[in-house]
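Student: I have a model open and a list of labels for it. Can we test each label against its rule?

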Amino acid sequence: GVSMAKKNDNVEEVISQETAEEMSAVENADASNPMDEVASATEDSMAEDDFEEDEAAEEARKVLSPEEYDQFKELQKKIFFRGKKVAPITRSERRRMYAGERIVTEDGEISAETEATDLKEDILELAASAKSQRILEGRIIGCRDIDGSTATKRSMAVVEYGHKTCQVLIPDFVLFHYDYKETLDETTQRNVKRRIENMLGASIKFVVKHLDQKNRVAYADRLKAMENISWNNYVRETREGGPRVIPGMIAQATVIAVSWGYIIVNVLGSDTRIVKSECSWGFVEDCRTMFDVNDKVNVKILGVKENTVKKSGNEIYNLVFTSCSVKQATSDPVLKYFDDYAEGGKYVATVTGVNDIGVFVNIDDKVPALVAFPKYGDLPTPGEQRIVQITGKEILDVPQEDGTSKQTHRIFGVIAPK
């Protein structure tokens, strides 16, 4: 029994010693990322009391209670303050954090693969991100206000990362871009919170800005990760000349939020909203029936614009804004299959929507068409299959904004009664 206890103490000592050395190295390491040189140069010279308030902070002081304002200011410091990115802890605190559990097997050996080992791995990864802007990936699992209640004006995304031993929090103003000075408007705040809720379950990338080892909390910045990723894809010139992604290209995007009338996708580091009319060549009644968070979709890049935005604390982000279309990433199926369907023919179709204009269907699940209600029998419902008879086909010249015209092909029909 004594020898077993000694062996376990040795294992714990090894874990604590290794962790102490690694964390000490991380806490004291110099930033090696060129994009962090400015932060590193001012890190030692800027005291915490030197944190500069901007117009948004001054406006917040007028609207928020003193307690709420203090919380807001502390949150700003964690994200934008150029001081210690990893809050140091004492050796005894570190030893307690990483003390291994005693796990005894039948052959008498002690396993060091415990929760303490998982915590060590997570802390090291989060600390490395804080010091060198290393991009990490996690999943949004919650939305909360900065004090855990509903009283304050700022919301945060709760992110699950690694072995789930630490809590990662991303304030709304660095989770996605919006006009920061409007955050005190109640309507804007409701919309911001709703967008975070629509992102629940989404996998996102982020950079840690402040790590509180003792409390196992990391404050992170998604915009900084997007800045780095989008710069590599839309701005940095390749060997062939020009950026990797330009308008007209097809790119794979990830759905990060879904609402009734639109989806939000992240395409190579740029968030873009795609309205439902650009989500499909057919009728889309509700985007939530077509898309789920984390779906991979191909989009056509319609436009690219670099934009420099200033956030609270005078932090500058060089973001890339894009306009995209899911629909235009594929050819128009009506044009492609127009000649395959004869007037008077009957075909199986899936109902995609119903409104006062008529019934929207997909013939053979590939060609959208607008058909009339059946003269009698049950009314169609979205998702069910019905027999459709083609009653007409037409080609129209639709005027465009640039003065030209574009041909549009349409197929009409009627639902055969059951």
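This is a predicted model: local features need pLDDT of at least 70, side-chain atom pairs count only at pLDDT 80 or more; totals for chains, interfaces and linings use all residues.

Student: How many residues line the largest pocket, and which are closest to its centre?

Tutor: The pocket holds about 880 Å³ of space. Its lining has 26 residues, and the closest to the centre are Trp 281, Lys 327, Asp 332, Thr 408 and His 409.

Student: Which element gives the most to the lining of the largest pocket?

Tutor: Strand β16 does, with seven residues. Among the elements that each supply at least two residues are α9 (333-337), β14 (367-372) and β16 (405-415).

Student: Now the rings. How many aromatic pairs does a search of the whole structure find?

Tutor: Four. One of them joins Tyr 161 and Phe 206, with 6.0 Å centre to centre and 80° between the planes.

Student: Why is the pair of Tyr 161 and Phe 206 called edge-to-face?

Tutor: Centres must lie within 6.5 Å, and planes over 60 degrees apart count as edge-to-face. The values are 6.0 Å and 80°, and the pair is edge-to-face. Tyr 161 sits in the loop between β3 (155-160) and β4 (167-171), and Phe 206 in strand β5 (residues 203-212), so the pair ties together parts 45 residues apart in sequence. Both Tyr 161 and Phe 206 are buried.

Student: Why is the pair of Phe 176 and Tyr 178 called tilted?

Tutor: Stacked needs planes under 30 degrees apart, edge-to-face needs over 60, and the rest are tilted. The planes of Phe 176 and Tyr 178 are at 50°, with centres 5.8 Å apart, so the pair is tilted. Both Phe 176 and Tyr 178 are buried.

Student: On to charges. What makes Asp 286 and Arg 288 a salt bridge?

Tutor: The nitrogen must be within 4 Å of a carboxyl oxygen. Asp 286 and Arg 288 meet at 2.9 Å, N to O, and that is a salt bridge. The count comes to twelve salt bridges.

Student: Is Asp 286 buried or exposed?

Tutor: Buried means under 20% relative accessible area. Asp 286 has 14%, so it counts as buried. Arg 288 has 49%. Exposed needs over 50%, so Arg 288 is partly exposed.

Student: Which residues do salt bridges with shared partners join into one network?

Tutor: Arg 139, Glu 160 and Lys 164. Glu 160 and Lys 164 meet at 3.7 Å, N to O.

Student: Why is Lys 164 called exposed?

Tutor: Its relative accessible area is 57%, and the cut-off for exposed is over 50%. So Lys 164 is exposed. Glu 160 has 23% and is partly exposed.

Definitions and conventions: Residues are numbered from 1 along each chain as its sequence is written. Side-chain values use heavy atoms; hydrogens and water are left out. Helices (H or I, at least four residues) and strands (E, at least two) are DSSP runs, numbered from the N terminus. Buried means under 20% relative accessible area, exposed over 50%, partly exposed in between (1.4 Å probe, protein chains only). On a 1 Å grid over the protein atoms alone, a cavity is a set of points where a 1.4 Å probe fits but cannot get out, and a pocket is an open set with protein on both sides within 12 Å along at least five of seven lines; lining residues have an atom within 4 Å of a point. Grid points are joined across faces, edges and corners, and a volume is the space filled by probe spheres set on the points. A salt bridge is a side-chain nitrogen of Lys or Arg within 4 Å of a carboxyl oxygen of Asp or Glu.
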